[in-house]
Amino acid sequence: MPLHAEGTGTLGEYAAEHGAVAHSRSKSRDDPLSVLDEEDRIFANEDLLRIDHVPDQNKIVGRNNQIETVARRLKPTITGGTGKGTLLLGKSGSGKTLVTRYVSREVVERGRENDVRIGRAVIDCAQRRSEVQTVIHLAKSLNEPEKTGITIPHSGIATGAYYDRLWSVIDELYDAIIVVLDEIDRLAPPDDVENVPPEEADDSKLLMQLSRAGEENDVDASITVIGISNDLKYGDRLDTRVESSFSPDEIVFPAYDANQLGDILERRRDAYREDVLTDDVIPLCSAFSAQEHGDARRAIDLFRLAGEVARDNDAARVTESHVRVANDDAEVTRIQDLIRGCPTQAKIAIAALATMDEFSERSAFKATEMYRVYRAFAEAIDANVLGKKRITDQLREYETLKIINMTRTSDGYREGTYLQLSLLDDSSLLLQTIGLDERCANIPIDGRMRQHIVSIVGP
């Protein structure tokens with residue numbers, strides 16, 4: 001939707017006017033710390049709505065077949081054997097990580113009953129982004145330095161030395177290991193990076209080392225690897241040697257429908273106090289989340305956020321209006337998570353593209369047009385102005401995050417080819433999110449800047 005607020009002077013003001021992560025409307029208290037002594041009138045057990053909470057099986061909906069299949073793959077580890085390498089594939093929020101955490105937790109308990117020492121490590125590869133960082137975190141997760149006497153430094157030794165310490169930790173402490181590599185595809189090179197042989201990709205090197213550790217006599221303990229990816233075709237990208245050693249079975253997790261999402265939330269209703277929820281809260285949370293590819297993680301998060309909005313507004317009950325406010329804030333939070341750690345220069349460029357989308361009737365723009373607006377924004381807040389190539393290179397990472405689409409196109413022989421940019425996310429949400437950044441909040445989007453942008457891209 002175009003920006004019609006002529007009174008809006010800066011991006012920060014735009015974010016505030018649109019309520020970005022500013023849902024609290026409760027009055028200021030004389031003693032702000034009094035909230036620490038008050039009973040929570042909304043939540044009975046808010047922990048049940050944490051994203052990393054692993055519920056009992058009776059609260060896991062529509063995933064019995066997947067639970068059984070993963071359990072079969074991990075069953076040999078209960079007696080110290082090696083389970084079957086597995087890839088769990090499906091859209092975000094389809095239950096892949098939840099099922100893996102639940103089943104592997106149960107397997108560790110069964111192993112303990114058999115006096116088998118099973119170690120379990122769940123590694124978020126999206127936070128590591130390289131083979132060596134993943135190995136460091138894996139070794140730290142499994143290590144008990146007071147027992148092993150082994151230290152895992154943050155840096156300073158070769159990758160091979162980190163593997164050697166990992167193998168020593170495993171053999172010292174465990175009979176079997178379950179390694180869960182969440183978002184394993186984030187270790188693969190981006191699609192636009194060329195000349196990286198498959199065997200040199202970080203994900204291939206990591207999977208090769210873990211799956212062949214026993215064969216190479218690096219460890220006596222068994223190692224079972226589960227990879228999790230949102231990319232349904234991730235298995236097709238693996239190096240043939242990794243395919244041979246890892247040899248994974250693939251389990252596809254379908255998206256949840258609105259009824260299943262409603263069932264998931266109903267089974268977590270006891271997070272709230274009795275009679276706090278109005279009848280339309282769970283159906284509306286489910287409907288919003290079903291529109292986002294059946295994402296259960298989003299449904300649970302929205303369910304929790306609605307309660308927080310009600311509590312922050314000193315409401316007695318959670319209602320439909322609280323869900324709608326929470327949904328707006330959740331969308332901004334989602335984008336905040338996507339661009340967390342994003343350099344200021346890239347944020348300015350994304351803001352330029354989003355503002356162009358808002359100010360005009362167009363949805364696709366030349367990189368040269370984006371750069372002219374970026375330069376105007378950067379100069380307005382006294383930020384360094386980078387060259388066009390450096391800015392477009394920075395934006396490529398956000399293409400992989402499905403925020404921006406970048407394509408090479410042509411207007412014909414006379415015009416030649418050029419890079420075209422468009423948004424894959426809502427421009428208003430992007431502007432709200434970037435407007436929360438302390439530096440970018442000062443970017444002017446007043447009438448004068450709007451006229452300047454229109455002169456570049458047209459009305």
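**Entry 1: pairing rule.** I take two strands as paired if DSSP finds at least two bridges between them. With that in hand I looked up β1, residues 86-90, and found that β1 and β5 pair in the parallel sense over five bridges. Across this pairing, Leu88 stands opposite Ile251 in β5.

**Entry 2: confidence.** A reminder to myself that this is a predicted model. The protein chain has a mean pLDDT of 86, and 91% of its residues reach 70 or more. I am reading both stretches with caution.

**Entry 3: the sheet.** In what order do the strands of the open sheet run? I get β2-β3-β4-β1-β5, five strands with parallel pairing. Which strands sit at the edges? They are β2 (118-124) and β5 (249-253), each of which pairs on one side only. From one strand to the next, the twist averages 15 degrees.

**Entry 4: helices on the sheet.** Next I checked what packs here. Helix α3, residues 96-113, lies across β1, β2, β3 (176-182), β4 (222-229) and β5. The direction of α3 runs at about 165 degrees to β2. Helix α7, residues 202-212, packs on the sheet as well and touches β3 and β4. For α7 the angle is about 165 degrees, taken against β3.

**Entry 5: cysteines.** How many disulfides does a search of the whole structure find? The count is zero. I looked at Cys440 in particular: the nearest cysteine sulfur belongs to Cys342 and is 8.2 Å away. A disulfide needs the two sulfur atoms within 2.5 Å, and Cys440 is in no disulfide. Is Cys440 buried or exposed? Cys440 is buried, because its relative accessible area is 0%. I looked up Cys125 too, and Cys125 counts as buried, at 0% relative accessibility.

**Entry 6: salt bridges.** The count comes to 21 salt bridges. I went through a few of them, with the accessibility of each partner.

- Asp47 and Arg50 meet through their side chains, at 3.5 Å from N to O. Asp47 is partly exposed at 43%, and Arg50 is partly exposed at 36%.
- Asp263 forms a salt bridge with Arg267, with the closest N and O atoms 3.1 Å apart. Asp263 has a relative accessible area of 28% and is partly exposed; Arg267 is also partly exposed, at 28%.
- Arg362 and Glu369 form a salt bridge with closest N and O atoms 2.9 Å apart. Arg362 is partly exposed at 29%. Why does Glu369 count as buried? Glu369 has 13% relative accessibility, and buried means under 20%.

**Entry 7: a network.** Which residues are linked in a network of salt bridges? They are Asp40, Glu46 and Arg311.

Technical notes. Residues are numbered from 1 along each chain as its sequence is written. This is a predicted model: local features need pLDDT of at least 70, side-chain atom pairs count only at pLDDT 80 or more; totals for chains, interfaces and linings use all residues. Side-chain values use heavy atoms; hydrogens and water are left out. pLDDT is the predictor's confidence in each residue, from 0 to 100. Helices (H or I, at least four residues) and strands (E, at least two) are DSSP runs, numbered from the N terminus. Axes are lines fitted to C-alpha atoms, for helices over the stretch in contact, and angles run from 0 to 180 degrees between N-to-C directions. Contact means heavy atoms within 4.5 Å. Buried means under 20% relative accessible area, exposed over 50%, partly exposed in between (1.4 Å probe, protein chains only). A salt bridge is a side-chain nitrogen of Lys or Arg within 4 Å of a carboxyl oxygen of Asp or Glu.
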